[in-house]
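Hi,

Here is the structure I said I would pass on. Have a look at it first, and my notes follow below.

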Amino acid sequence: MIDFRLEEEHEALRKTVQEFAREEIAPVIGDYYERCEFPYEIVAKMGQMGLFGLPFPESVGGMGGDYFTLCLALEELARVDSSVAITLEAGVSLGAMPIYRFGTPAQQEEWLPSLVTGEALGAFGLTEPGGGSDAGATRTTARRDGDTWVINGTKAFITNSGTDITRLVTVTAVTGERDGRKQISAIIVPSGTPGFTVSKKYSKVGWSASDTRELSFADCVVPASNLLGSEGRGYAQFLSTLDEGRVAISALSVGLAQGCVDECVRYVGEREAFGHKIGEYQAIQFKIADMEARTHVARLAYYDAASRMLRNQPFKRQAAIAKLVSSEAAMDNARDATQIFGGYGFMNEFPVGRFYRDAKILEIGEGTSEVQRMLIARDLGLTRPWQ
């Protein structure tokens with residue numbers, strides 16, 4: 001018998017985060033968003049709740065949960081605000097998780113205690129200005145010089161890379177060549193390292209209360225021991241991390257989609273037009289019903305991917321499906337919610353205005369919708385003509 005009910009522990013966590021999001025985040029996040037200001041106080045509270053340590057074992061200072069607990073937390077946060085949710089997602093999936101998965105005992109001992117408590121943030125520098133989804137086009141280089149690596153290059157769109165509590169960025173760089181192909185490695189670069197420059201924050205369409213920057217490296221020297229995992233395996237390591245990250249982004253997308261439903265249900269019960277609550281009109285009812293249906297299907301997709309992941313079953317295709325379906329559901333729901341709110345939906349003071357601005361990046365970040373379709377097709381055994 002298939003049972004989609006959450007276990008008692010998962011449901012308790014979901015309710016706790018839901019209450020926190022509604023009571024602590026919702027009343028203040030609009031001001032942070034308008035000022036494009038990073039919400040340090042909110043992040044600190046999230047750290048005190050243990051959210052940054054959810055999927056990590058107690059042996060490294062974590063909460064001893066699983067990756068699904070992180071997804072549930074992300075969904076509930078994103079029902080209120082995506083800037084806060086992506087800060088948590090990137091801090092865990094891209095900042096701490098690679099060090100937990102591939103780091104040496106010494107690296108884990110140095111970095112994980114502060115990362116899993118949220119006292120510090122880590123970032124992952126993969127994307128480059130001319131690369132985008134083509135990570136194989138990496139131009140950043142790291143040259144071995146005795147007991148050091150000398151790094152040169154530029155990274156773009158890196159989340160959590162320039163906050164006051166950012167302690168490290170793990171960057172991918174070309175460290176050699178084999179059989180005519182680039183060998184890409186991952187190297188930990190502590191914040192403040194000479195030659196490592198963090199540019200000013202981007203002026204973004206959405207996620208305005210999160211931190212996203214361009215990074216540059218000019219003869220940046222770090223110890224050879226800062227290599228993360230095996231030399232030449234950096235890209236492969238990241239791909240395994242990315243599958244998990246897609247499930248997390250799917251959960252965040254579902255949260256935004258559900259937030260749109262929540263706001264619309266409330267609004268149509270208050271707003272009147274032509275002598276009636278607009279929720280009494282069938283056209284509005286059908287639109288909200290479609291929004292709820294999209295959200296429900298997207299949630300089931302990420303639940304399925306997460307379930308397979310926790311059972312150590314292949315889940316690459318399911319992660320791509322979940323990310324594709326949920327990000328498109330978020331975008332569609334945000335558009336419909338804005339339409340239902342009318343002129344008020346175009347005002348940033350209303351959550352749906354922020355949701356509309358935040359939704360589009362979900363179809364782009366951590367693999368575009370086109371990349372997800374490519375991954376699904378490839379997993380079905382379909383290949384391109386030249387392959």
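Let me start with the contact between two of the domains. Domain 1 and domain 3 bury about 2,300 Å² between them, with 61% of that on carbon and sulfur atoms. Buried area here is the accessible area (1.4 Å probe) that two parts lose on being put together, summed over both. On domain 1's side, Y33, E75 and R79 supply 27% of the area buried against domain 3, more than any other three residues.

Some housekeeping before the rest. This is a predicted model, so local features need pLDDT of at least 70 and side-chain atom pairs count only at pLDDT 80 or more, while totals for chains, interfaces and linings use all residues. Residues are numbered from 1 along each chain as its sequence is written, and side-chain values use heavy atoms, with hydrogens and water left out.

As for the layout, the domain assignment gives domain 1 (8–121), domain 2 (123–233) and domain 3 (236–380); such bounds come from an automatic or database assignment. The C-alpha centres of domain 1 and domain 3 are 20 Å apart. Their contact (heavy atoms within 4.5 Å) takes 25 residues from domain 1 and 29 residues from domain 3.

Which helices supply at least two residues each to the side of domain 1 that touches domain 3? They are α2 (29–35), α4 (67–78) and α5 (82–102), where helices (H or I, at least four residues) and strands (E, at least two) are DSSP runs, numbered from the N terminus. α5 gives the most to that side, with 10 residues.

F157, in strand β3 (residues 148–159), has a positive phi of about 60° although it is not a glycine. F274, in the loop between β9 (272–273) and β10 (276–277), likewise has a positive phi, of about 55°. Most residues other than glycine have a negative phi. Both side chains' residues count as exposed (over 50% relative accessible area; buried is under 20%, partly exposed in between; 1.4 Å probe, protein chains only): F157 has a relative accessible area of 53% and F274 one of 79%.

Cheers
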